Structures are given as structure tokens and as C-alpha cells.
Amino acid sequence: MDFNFTEEQTLLREQVSRFLADRYDFETRRRVVASPEGWRPEIWQAFAGELGLLGAALPESLGGFGGGPVETMIIMEEFGKALVVEPYLGTVVIGGGLLKHSGWPQARDLAERIISGEARLAFAYAEHKARYTWRHVETTARRRGGAYVLTGHKAVVIGAPWATHLIVTARTDGDVDSPEGLSLFLVEKGARGLHATDFPTVDGLRASEIRFDGVEVPAENLIGAEGAALPLIEQVIDEATAAVCAEAVGCMRRLHEGTLDYARQRRQFGVPIASFQVLQHRMVDMFMALEQSVSMTYLATLKLGAPPQERARAVSAAKAYVGRSATFVGQNAIQIHGGMGMTDELAIGHYFKRATMIEGLFGTTDHHLSRVETLADAA
Amino acid sequence: MNLEFSPEDESFRQEVRAFIAEHYPPALRGRGESVEGLSKEEILSWHRVLARKGWVAPHWPVEYGGAGWTPVQRHIWEEECARADTIPVIPFGINMVGPVIYTFGTPEQKQRFLPPTLAGDIWWCQGYSEPGAGSDLASLRTQARREGDHYIVNGQKTWTTLAQYADWGFFLVRTDPTARPQEGISFLLIDMKSPGVTVRPIITLGGEHEVNEVFLDNVRVPVENRIHEENKGWTCAKFLLAHERTGIAAVSRSKRGLEKLRAIAREERSGGRPLIEDPFFARKLTELEVDLLALEYTVLRVLASESAGRGPGPESSLLKIRGSEIQQRLTELALEAAGHYGAPYFRGFPEAGGNVPPIGPAYAHRAAPAYFNMRKTSIYGGSNEIQHNIIAKQVLGL
């Protein structure tokens with residue numbers, strides 16, 4: 001059992017941290033989020049070139065540097081601390097993850113374009129009526145000659161406004177709820193019949209509603225086996241879930257240290273409010289939630305290579321714990337900041353908003369607790 | 001003892017329900033209880049209807065324009081307004097400074113300020129908190145220096161709700177910097193159009209413009225605008241804060257909120273099934289329902305003791321604590337119910353291309369901003385931590 005980072009991993013963290021401290025301060029982030037584009041292509045290029053981040057967690061077989069989930073965890077935690085909006089999760093964790101696991105013939109080619117910064121991916125999987133039941137898919141893909149024709153509607157596709165391609169889950173066969181009959185497709189953003197309505201999100205990102213009106217997708221853009229994609233979808237979502245646990249840890253670190261700083265310097269009744277025992281205990285509770293979230297994130301990350309049920313249990317346990325913790329730490333950070341915590345001006349509220357959205361991302365705490373139970377029953 | 005509403009109470013309920021159905025301004029119907037996005041006149045339109053009927057300040061003594069209702073009737077009124085999703089009457093005049101003026105004011109002050117407050121012709125804001133005086137309100141530093149028949153006021157207030165619409169404000173100011181903090185404060189009424197008054201917006205977490213900073217730069221305030229004696233303003237402040245707390249429990253609004261949340265859970269789908277069929281989500285609603293019952297009956301007990309002549313005491317801190325927790329829990333569960341559609345943000349990034357058409361179901365549109373905004377309820381009106389201290393000290397004698 002080893003919880004130590006390698007020298008390279010420690011270096012990676014330092015590089016990312018230094019870069020973000022330099023180029024991603026909060027006021028710059030605020031300005032970027034309010035801009036028409038909402039992101040910085042030059043930052044993405046820096047991730048690609050200067051920092052080599054886009055290949056850090058991808059295997060050498062795909063042209064990456066041979067890292068894996070631990071590298072992703074490190075990068076996502078640093079991104080959480082800086083509230084990075086650029087689409088690393090969709091592109092590298094989800095897109096790259098699919099390329100790693102699917103055995104798709106064109107994987108290497110797309111991976112190289114990801115690593116160079118040229119290709120950005122968004123995951124169009126969510127549907128309104130499904131909520132967090134991934135096998136419930138109403139978007140259909142019907143074979144027609146050398147192509148598939150996609151029809152349907154994907155909800156709140158995070159990062160789609162900045163993406164060059166979408167990864168789409170669609171049903172090639174079976175009932176709406178059937179675990180069989182799901183397939184994965186790579187779709188170009190500019191495809192005919194693809195209609196996107198772009199919008200900002202409450203936590204500073206951009207997303208789209210995507211409508212597929214008979215979008216033709218070449219058959220070679222089917223990723224993985226037709227009708228058998230659910231295990232791959234679940235694996236990739238688990239990897240993304242572990243990654244956002246790490247991002248939430250980064251947010252929680254800032255929420256916690258920001259609260260300590262504020263409480264130490266805010267004086268009322270002639271003393272710093274940090275001297276009040278009730279608040280001290282609260283900040284201790286926040287500390288414990290944060291520390292154990294770190295532990296759970298390690299668990300999830302290190303179990304990503306385990307057999308599916310073991311992996312899924314670890315990831316869901318982690319997400320349940322981390323989601324609940326992020327809510328607790330976020331709410332109490334605002335509370336201890338008092339009125340100042342309610343302002344748009346301070347960074348603390350923005351960390352709270354991202355932490356809030358992570359709770360609902362890839363499943364709420366309740367959803368994941370149920371998943372842990374279901375997997376326990378099946379074991 | 002009994003929990004039944006009398007036949008008279010039931011016919012009162014029918015009467016007020018019919019009045020609301022007939023007289024609630026058409027322009028406000030179907031919009032819900034939030035005043036966000038409404039103009040000042042739109043917000044005042046309901047106030048004016050009620051003022052004409054004599055129902056805008058039901059709890060005021062009849063001699064000053066109150067409706068002479070019993071506490072149970074006032075509770076029924078709140079329930080019927082909540083049931084109809086009416087916007088609230090803005091509380092700063094009717095619930096806060098009005099009672100201070102009729103309790104501590106001179107006959108001239110009552111005559112001058114009470115009728116226009118009732119009518120809605122004066123919109124009040126509350127100048128209490130300062131950047132350095134939040135929980136420790138008595139440490140406030142806005143100064144009022146006496147010069148002949150005026151005070152010259154200098155300082156800064158913050159978190160001043162809806163000051164952007166205010167005609168007048170009631171301000172706590174320091175008139176004796178040498179005395180013990182609570183003994184050097186006066187209660188001044190300031191015309192917001194006075195030279196030297198500047199209002200600056202503060203944008204809050206959900207993107208709202210609800211609160212403001214108010215800067216006072218050599219503002220001249222006639223001495224006759226001081227309520228109660230000089231340096232006795234803290235008495236008025238404490239009186240007002242205790243009254244603020246009973247209303248702040250918002251039981252009826254929360255009951256209506258829970259009804260709406262159940263409706264959302266029936267509509268939202270999870271794996272194709274209604275979310276309400278998820279036993280874990282349903283259980284959370286039941287827990288909330290039980291907590292709300294506990295709060296409701298405690299409010300009724302407090303109201304009953306009020307009708308026996310006892311004013312709101314420190315146990316009203318309980319109502320504030322539990323009431324705010326319930327409001328927060330409601331918005332938290334509503335955001336959870338919104339699922340994926342909790343993410344889109346409609347307030348607008350004008351630079352990002354103007355208005356975005358609503359995305360997803362109507363119940364999701366404000367779910368996240370409402371959740372973020374409600375974090376204020378455990379902070380304002382005396383933070384919940386301070387409320388715990390009040391109960392510990394003044395109820396439990398600890």
C-alpha cells in the first residue's frame with residue numbers, strides 16, 4: 001500500500017499550480033467567464049504545448065506520456081483550485097478514456113489531435129427523462145447504408161460550445177430502458193442536422209442543448225461494438241466521476257482555507273470571529289470532510305483499473321462522500337463569511353457554486369448511495 | 001386546548017381567499033411570489049390594493065390602521081396569500097419602522113410618516129449593518145453630529161435591501177462616541193433624496209440586485225426625524241429585531257414551497273419514472289414536512305401568546321433558526337429535483353450574446369439561483385449562530 005506520489009507526479013502538480021497561479025487568477029477567470037467566448041483558446045494551447053497536460057494521462061500507445069488516473073487526479077485537483085473552465089474533463093478524461101478502452105481503429109489519430117490541442121470533445125449523454133439512469137436513452141441511431149442516422153435530444157452538454165466533436169450515446173436497438181442496444185458515436189460539431197443552443201451555466205461553464213435531426217454519421221465513427229456500449233459508457237463515466245471528485249477536493253481546499261483566512265481577520269465584538277468555539281468546531285468539521293474526501297478520491301482513482309463492480313462501488317462510495325462533503329464545506333464557507341459570502345464579488349461564492357454543481361454531476365449523493373447498495377446486493 | 005379553527009375563522013378564510021382571487025393585480029398573476037424582475041410600481045401594486053382595503057398592516061393597532069385581526073386570522077391571511085403565490089408586502093415599512101414609529105414616535109412623527117407608509121407612498125430601507133458592524137451591530141460607526149437643529153451624518157451602511165427603490169430609510173447612527181456602544185446610538189429617519197446619500201448596488205450569488213451599499217456624506221437630517229430620545233435608539237433597534245423574527249419564519253410560504261416541490265417531483269423523470277417514486281427522495285420530502293409541522297405549531301403557540309398580550313420574546317429566535325433551515329432545505333431539494341437542468345444560467349451575459357431562451361422545464365430555471373440566494377437566510381436578521389446565543393443567554397440563562 002503506497003500513498004506517495006512519484007517525483008514526476010509532484011513535478012506535474014507544481015508545474016500546473018505555478019502556471020495557474022500565473023495565468024488563472026480569479027479576476028482573470030471572472031473576466032473570461034463574462035466574455036462572449038467564455039474560455040481562452042491560448043490557455044488550451046498552453047495545456048497542449050507548454051505544459052504537455054493533454055497527453056499526461058494518456059498511454060504511450062495513444063501518443064501520450066504514459067500517465068493515468070493519478071495524473072488526472074492531480075490535474076483535476078489543481079483545476080478545481082483555480083476554477084478552470086477549459087474542457088479537460090470532456091476532452092481528455094472522457095474522450096481520451098473512450099479512446100483508451102474502446103479499441104476503436106481511429107483512436108490513435110484522434111488522440112494525437114486531442115494531445116495537440118486541435119480536437120476538443122464534449123460528452124452528449126444526458127437526457128432529461130433519464131436523469132442519472134445511463135441505460136435510459138431515447139436518442140436513436142438507425143443504420144442506413146454506410147452511415148448511422150441520429151435522431152434525438154441531448155441535455156446540457158457541458159463544453160459543447162467549445163468542442164470540435166461530440167461523443168454521443170444513442171440507441172441502435174432495444175427498448176428505451178434496455179441495457180442492451182446502446183452505442184457510442186463520434187460526431188463532428190458542424191454536422192448537418194445538428195442544432196445546438198448554447199448557454200452559460202451557473203458555475204461559469206458553457207453548455208448546449210443539442211438536437212439531432214437526422215444527423216448522418218459515417219459507420220466508422222461508431223466507437224466500440226454496436227449495441228454493447230453500456231459497460232464502456234459506465235466505465236468512462238466512473239473515470240469522469242473520480243476526476244470530478246478530485247476537482248471537488250481542489251474547490252474544498254480553497255473554500256476551507258478561504259474560510260480560515262476570513263475568520264482570522266474578521267473582527268466582531270472586539271475579537272477575530274475565528275476565536276469563537278462554535279466557528280472553530282465548524283472549521284474543524286470542514287477540515288475533516290475535506291481530508292476524508294481526499295482519502296475517498298484516492299480510493300476511487302486507484303480502483304479505476306479494478307474489475308467493473310469493484311470499480312463502480314469505489315467510485316460511487318467516493319462520489320457520495322465527496323458530494324455531501326462539498327455541499328457541507330461550501331455551505332459553511334458561505335455561512336462563516338457572513339454577508340460577504342453572499343456577494344458575487346468574492347471568489348468564495350464561485351467555489352461554492354462549482355462545488356454545488358459537482359454534487360449533481362454524474363449523479364447526486366443519493367444516486368451513488370443507491371448504486372453502492374445495488375452493487376453490494378449483487379455481490 | 002384545541003387545534004380546530006372556529007366557524008368564524010373558516011368564514012374569514014373564505015372571505016380573504018375570495019378577496020385575493022378577485023383583487024390580486026392581473027399583471028402579477030401566475031408569476032409566483034418572487035419580486036425579481038418587477039418594477040417598483042409593480043411591486044407596490046399589491047400593497048396599494050391592500051392599503052385601500054385596510055389590510056396592508058393587519059397587525060398594527062386599529063387606531064393606526066391595523067385590521068383588528070386575531071393572531072389566528074393573521075395566520076390564515078398569511079396562508080391564503082401563500083396559497084395564491086402572492087408577492088409579499090415589502091416589510092421595511094409595514095413590519096419594521098411602522099411599529100417603531102407608532103411605539104416610540106411623537107404624535108407629529110406618527111401623523112407624518114404612518115399614513116404614507118400604509119398607503120405605499122413611502123418605500124423604506126433599513127440602514128443597520130455596516131462593513132465593520134454585522135453580528136456586532138452595536139459597534140456601528142456611522143456618526144451623527146448635532147449642529148443646531150440638524151444632525152450631520154457621515155458613514156456607510158451595507159446589505160441595504162432594495163435601497164435602490166427607497167424613498168426614506170431608518171438608520172442607526174452614533175450620536176455619542178464616548179458612551180458604551182449600545183448607549184450612544186440614535187434612530188434617524190433619512191430622506192433618501194437628501195444631498196450626500198449615494199446608493200451603490202451589490203450583486204449577490206444568484207446574480208440578483210437586491211442589496212446595496214449606502215454612503216452618507218455630510219447628510220443633513222433634521223432633529224425632528226429622530227425617533228425616540230437621542231442615544232436611546234438601541235431600544236428601538238431591539239424592539240424592531242424581535243418583531244422581524246416572527247415574520248421571518250415564513251411557515252406558510254414554506255408549506256406552499258413544499259407543495260410545489262412535490263409537484264416538481266411528480267413531473268421530473270428519473271429513468272423514465274416520476275422522481276417522487278424514488279423512496280429516498282420521497283423520504284426527504286416527508287422529513288421536511290414533519291419539520292415544517294413542528295415549526296407551524298410552534299408559530300401558532302407564539303401567536304397565541306402574543307394575543308394574550310405578550311410580545312415576541314427571545315424564543316422567536318427558534319422560529320428564525322428553524323424557519324431559515326427549512327427555506328434552505330426546500331431550495332436545496334428543488335435544485336436536486338432539477339437534475340441536469342439545474343445548470344443553465346438565464347440571468348444573462350450580455351457580452352455573451354444577449355438573452356438565452358429558457359432551457360429545460362420551468363421548475364428548473366430558477367432552482368440554482370434560488371438555492372444560492374437562500375443561503376442568506378441563516379446569515380441575515382441576526383445569524384443563526386447569534387440566534388443560538390440569544391436563546392442560550394435569554395431563554396436558558398446560560
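Predicted model: local features only at pLDDT ≥ 70, side-chain atom pairs only at ≥ 80, totals over all residues.
# A walk through chains A and B

In chain B, the C-alpha centres of domain 1 and domain 3 lie 21 Å apart. The contact between them takes ten residues from domain 1 of chain B and nine residues from domain 3 of chain B, where two residues are in contact if their C-beta atoms, placed from the backbone, lie within 7 Å. By class, the side of domain 1 of chain B that touches domain 3 of chain B has three nonpolar, two polar and five charged residues. Here Ala, Val, Leu, Ile, Met, Phe, Trp, Tyr, Cys and Pro count as nonpolar, Asp, Glu, Lys and Arg as charged, and the others, Gly among them, as polar. Chain B is divided into domain 1 (7-89), domain 2 (124-231) and domain 3 (248-395), with bounds that come from an automatic or database domain assignment.

Residues are numbered from 1 along each chain as its sequence is written, and chains are lettered from A and ligands numbered from 1 in the order in which they are written.

Let's turn to chain A. Its secondary structure comes to twelve helices and ten strands; helices (H or I, at least four residues) and strands (E, at least two) are DSSP runs, numbered from the N terminus. The radius of gyration of chain A is 21 Å, close to the 21 Å that the globule rule gives for 379 residues, so chain A is as compact as a globular protein of that length. That radius is taken over C-alpha atoms, and the rule is 2.2 Å times the number of residues to the power 0.38. Buried residues make up 54% of the 379 residues in chain A, a residue being buried if 20 or more other C-beta atoms, placed from the backbone, lie within 10 Å of its own.

After H7(A) comes Gly117(A), with a positive phi near 95°.

Next, look at strand S1 (residues 121-124) of chain A. Leu121(A) and Phe123(A) are buried on one side, and Ala122(A) and Ala124(A) are buried on the other. In a regular strand the side chains alternate between the two faces of the sheet. S1(A) runs parallel to strand S4 (residues 165-171) of chain A, joined by four bridges; strands pair if DSSP finds at least two bridges between them. Ala124(A) stands opposite Val168(A) in S4(A).

Back in chain B, strand S7 (residues 209-222) has antiparallel partners. Seven bridges join S7(B) to strand S3 (residues 150-157) of chain B, with His150(B) opposite Pro222(B). Seven bridges also link S7(B) with strand S6 (residues 197-203) of chain B, where Val199(B) has Val214(B) as its bridge partner. The hairpin of S6(B) and S7(B) has five residues between the strands, and Gly207(B) takes a positive phi near 85° in it.

Finally, the chains meet: 40 residues of chain A are in contact with 42 residues of chain B. H11(A) gives the most to the side of chain A that touches chain B, with four residues.

Key
Buried ≥ 20, exposed ≤ 12 C-beta atoms within 10 Å, placed from the backbone.
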